[in-house]
Amino acid sequence: MKDRQSEDYRELAEWLIGFTRSKGADEVEVTILDGTEFSLDVRLGEIENLIEAGSRHLDFKVIKDQKTAYASTSDLDKETLKRLVINGIDRAELSNRDICAGISPHIQSTGKPDGLGIYDPMVREMDSREKIRMATETERIALEDKRITNSHGASMETREVQTTLANSNGFFGQYSETLFSLGVALQAGETDNMVEGSWGSTCRFLKEIEPEAHIARKAVERTVRQLDPRKIQTQNIPIIFEPRMTGWLLGFLFSCLTGTSVYQKTTFLAGKLGEQIADKKITVFDDGRMSGKLGTAPFDSEGVPTSRKTVIESGVLKTYLNNTYSARKLDMESTGNADGSGVGPTNFYLKPGENDQLEIIKTMSKGLILTRTMGHGLNPVNGDISRGAFGLWIEDGEIAYPVSEVTISGNLGRILKEIEIIGNDLEFRSPICGPTILIGEMTVAGQSG
Amino acid sequence: MDNTHTLPFFDFFHISDREMQKVLDLALSRGGDFSEIFCEYRIHSSILMEEDIIKETGESIGMGIGIRVISGDKTGYAYTNDLSPAKINSAAITAASIANGKIRQKAVPLNFKTNTHNLYPIVQSGKEALLEAKIDLAKKAYLTAQRFDAAIQKVRVSFADLTRYITILNSEGLKVSDVQPMIKLVCLAVAERGESREAGFSGGGGRVGLEYFTGTLTPEEIGREAAQEAVQLLDASPSPAGEMPVILSPGHSGVLIHEAVGHLIEADFLRKKTSIFWNKSGQKIARENVTIYDDPTIPYFRGSYNIDDEGTQPEKTLVIENGKLVGFLQDRLSSSLMKMSLTGHGRRQDFSCIPIPRMSNTYIAGGEYDREEIIRSVAKGFYADKFQGGQVEDSGKFTFSVSSGFLIEDGRLTTPVKQATLIGTNIDILNKIEKIGSDLKFGLQTGTCGKGGQGAPVTDGCPTIKISQMTVGGIK
């Protein structure tokens with residue numbers, strides 16, 4: 001750990017709190033982020049881009065007479081900070097009084113993130129030649145497959161971020177975390193019939209990165225399986241979501257469960273606490289304390305300790321996800337999900353079931369495996385979903401051919417009640433994730449007829 | 001604002017030309033072909049109004065230096081916002097290491113180039129304006145939306161202004177600066193009736209001053225438009241599903257041109273042969289009625305700039321002329337590797353990013369048809385009115401998401417519909433553009449395009465367009 005730097009940031013945060021209080025603010029919260037980034041793109045065997053950098057950033061929030069102002073700067077000069085503080089207090093005067101405004105009352109820091117497993121010292125020890133080798137090797141193996149006609153390149157990234165957080169209630173916390181990621185993106189087919197696919201692995205620890213050959217093979221398989229797609233006719237059919245797609249659906253679910261969207265009335269799940277909103281098979285957790293996972297952290301962006309929450313239990317909505325502000329608006333407790341000025345997930349996931357993916361496919365006499373979506377088309381206000389889609393057509397329990405240029409439409413509220421099977425293939429590849437699922441019916445639009 | 005004489009970096013950064021020259025040389029010390037220093041200082045302020053109160057305001061300062069070295073087709077890049085000489089030199093050495101030989105050339109002495117034009121001569125800049133004046137704009141939009149209809153349950157208005165000071169210095173002796181203003185006022189309105197709940201959105205801005213809101217577009221109009229869309233959607237039916245003729249509304253539908261054509265004529269995708277268009281230069285890729293431009297020189301537009309993020313003065317670029325592919329959007333690296341001239345489309349989100357070819361203001365030129373005449377020509381079809389956005393991949397497959405539209409029955413717009421996705425492949429759709437209206441309009445001055453993790457402000461424009469057949473994704 002950079003002990004000297006940690007101490008410097010601690011002093012800076014404490015100085016800023018003191019200065020802000022001396023200028024008349026009632027409450028203040030300071031965040032300092034210090035990051036180091038290395039990123040490398042290799043394409044067709046040659047290095048294309050190599051980026052190495054360090055950056056730091058300070059954000060603070062001041063509250064005076066229950067009026068709030070924010071400021072942020074990458075210029076950490078004390079004169080700049082003083083000016084921003086004075087501006088901030090002046091600006092706060094022009095806001096309106098908001099009885100819910102304020103910083104978190106939590107003052108108990110969980111201290112060092114020991115046991116959470118989010119820092120790998122290899123981030124500093126790793127040789128850049130090794131990073132170049134990993135990216136080059138991944139792309140080389142992928143390009144050995146003759147069906148691959150072009151490459152978007154392979155990338156290797158490492159990142160280290162130190163977070164310092166302090167507030168005028170006496171909270172102080174500091175932790176460092178690391179990320180390693182390796183991936184490759186490919187094209188197959190000829191100019192007028194091109195398909196694209198990719199695979200990657202992102203982890204807290206270098207040793208957890210999937211082997212180059214595995215990433216390459218997955219990327220190849222995901223690319224070539226889309227070759228020679230057909231359009232299908234417009235119809236209502238059952239749909240299997242691959243784990244990545246379940247993650248996408250859960251991301252939409254998360255955005256509909258934030259306390260912010262509830263008090264703003266921008267979610268169809270407002271007012272549904274304690275109700276059966278999903279099939280009994282559905283249990284969803286948000287857990288910020290799972291060792292080594294991508295959404296793990298000792299405390300949230302307001303210093304509230306993270307925890308394990310059951311968000312949906314056997315289909316019943318148990319809690320919204322809140323930061324301090326949305327919790328006060330809803331007369332609830334913060335769930336430790338503050339993320340900047342909004343609400344974010346820790347490890348938000350759907351509890352896996354018992355069936356493996358092949359068994360699920362076998363149950364389907366006719367339907368679509370959804371492999372990728374494109375576009376926007378998510379409306380949290382009513383739960384409507386409408387996206388461009390790519391997939392694999394299933395007939396009699398087997399993959400028949402790839403499908404492209406169709407759209408899928410449905411409604412999240414109905415989908416939650418129509419999840420028929422949940423797979424056992426949950427992997428924590430991103431902060432929001434889930435296993436394969438089968439949904440009873442959605443509309444797929446393609447050709448008329 | 002005086003754009004021609006300001007050299008803000010040397011106020012903010014306290015770095016002299018001589019020192020910069022040394023850094024450019026240091027960056028070439030391993031044998032690179034080209035070195036560049038990008039300096040950026042940005043001041044951003046924001047206001048949020050919801051639940052009838054000014055809830056919060058913010059001020060943000062970002063600054064940093066990005067050093068780039070090009071060696072053949074390789075790029076080394078390093079950035080820092082710690083501006084101590086030691087850190088800057090270390091960034092130069094890091095970027096230099098993309099080449100691994102001996103020094104081959106020194107940087108040409110810097111020669112300050114003044115901009116001969118200013119695309120954004122504004123009266124009252126967002127940076128200079130009083131916070132009270134900006135709060136007043138937010139309130140006007142808010143109250144208009146709220147009072148529009150009893151069904152409006154929730155309004156959220158945000159105002160933001162950004163002033164971006166950039167200076168680019170490179171080993172070819174270029175030194176050029178720009179001060180780029182940006183304002184954005186957006187309104188979200190939510191309407192509720194019974195179990196039905198819908199949202200509407202509108203906004204405006206660009207590289208303008210506050211005077212824009214008394215002349216070009218008032219905050220009241222922004223509030224009204226957001227509320228109107230939300231209320232209209234309460235009565236909207238689910239979209240139909242299947243293939244049918246589609247008419248695109250003028251203005252908002254420009255996103256189709258952005259997705260279906262724009263990204264695939266960005267030179268990096270052509271150079272790497274990943275774009276479906278890579279071998280189609282000079283060929284007919286659309287019907288003859290289709291002419292498309294990308295123009296970074298439209299005054300006050302969100303996608304415009306006096307210089308791009310590599311210091312190149314941009315040009316209005318003809319991309320498709322009467323159906324033929326004739327132009328690409330170039331940055332330095334791609335233009336030199338492709339041996340084509342620069343067009344001034346090298347843009348970056350900020351100092352932490354490598355510049356890449358990007359769109360600016362992309363539009364399809366107006367045609368000969370009257371809008372009503374186009375609508376009358378469809379017996380049964382779909383009218384796409386407003387959009388949430390779109391996406392394309394290099395293979396040419398694209399989607400765009402319609403937030404509101406209408407059914408067309410017997411040549412008239414009838415039932416309002418909501419939430420549909422249009423999907424297609426670009427060459428196919430470009431050859432199905434059957435009629436183009438004479439009513440070219442630009443969409444909202446609020447759009448940001450994402451590519452390779454970098455956001456860039458853009459606009460797009462389009463007249464009324466009829467596509468003979470397209471897949472509309474809705475509910476069956």
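Let me start with a definition: a salt bridge here is a side-chain nitrogen of Lys or Arg within 4 Å of a carboxyl oxygen of Asp or Glu. Two more terms go with it: buried means under 20% relative accessible area, exposed over 50% and partly exposed in between, with a 1.4 Å probe and protein chains only. For charges, Lys and Arg count as positive and Asp and Glu as negative, with His and the chain ends not counted.

A word on what you are looking at: this is a predicted model, where local features need pLDDT of at least 70 and side-chain atom pairs count only at pLDDT 80 or more, while totals for chains, interfaces and linings use all residues. Side-chain values use heavy atoms, leaving out hydrogens and water, residues are numbered from 1 along each chain as its sequence is written, and chains are lettered from A and ligands numbered from 1 in the order in which they are written.

Now, the overall picture. Chain A has 10 helices and 20 strands; these are DSSP runs, H or I of at least four residues for helices and E of at least two for strands, numbered from the N terminus. Along its principal axes, the C-alpha trace of chain A spans about 70 × 55 × 35 Å. Of its 449 residues, 60% count as buried.

On to the charges. A:Lys61 is buried at 8% relative accessible area, and A:Glu302 is buried at 4%.

Next, A:Lys309 and A:Asp286 meet at 2.8 Å, N to O. A:Lys309 is buried at 9%, and A:Asp286 at 0%.

In chain B, B:Lys55 and B:Glu50 form a salt bridge at 2.9 Å. Both belong to a network of salt bridges that also links A:Lys329, B:Glu51, B:Lys154 and B:Arg156.

So which side chain of opposite charge is nearest to B:Lys397, a buried residue with no salt bridge? That would be A:Glu405, 4.8 Å away. B:Lys397 is found in strand 17 of chain B, residues 397–409. Taking contact as heavy atoms within 4.5 Å, and not counting residues up to four places away in sequence, B:Lys397 touches residues including A:Met194, A:Phe390, A:Glu405 and B:Thr425.

Thanks, everyone!
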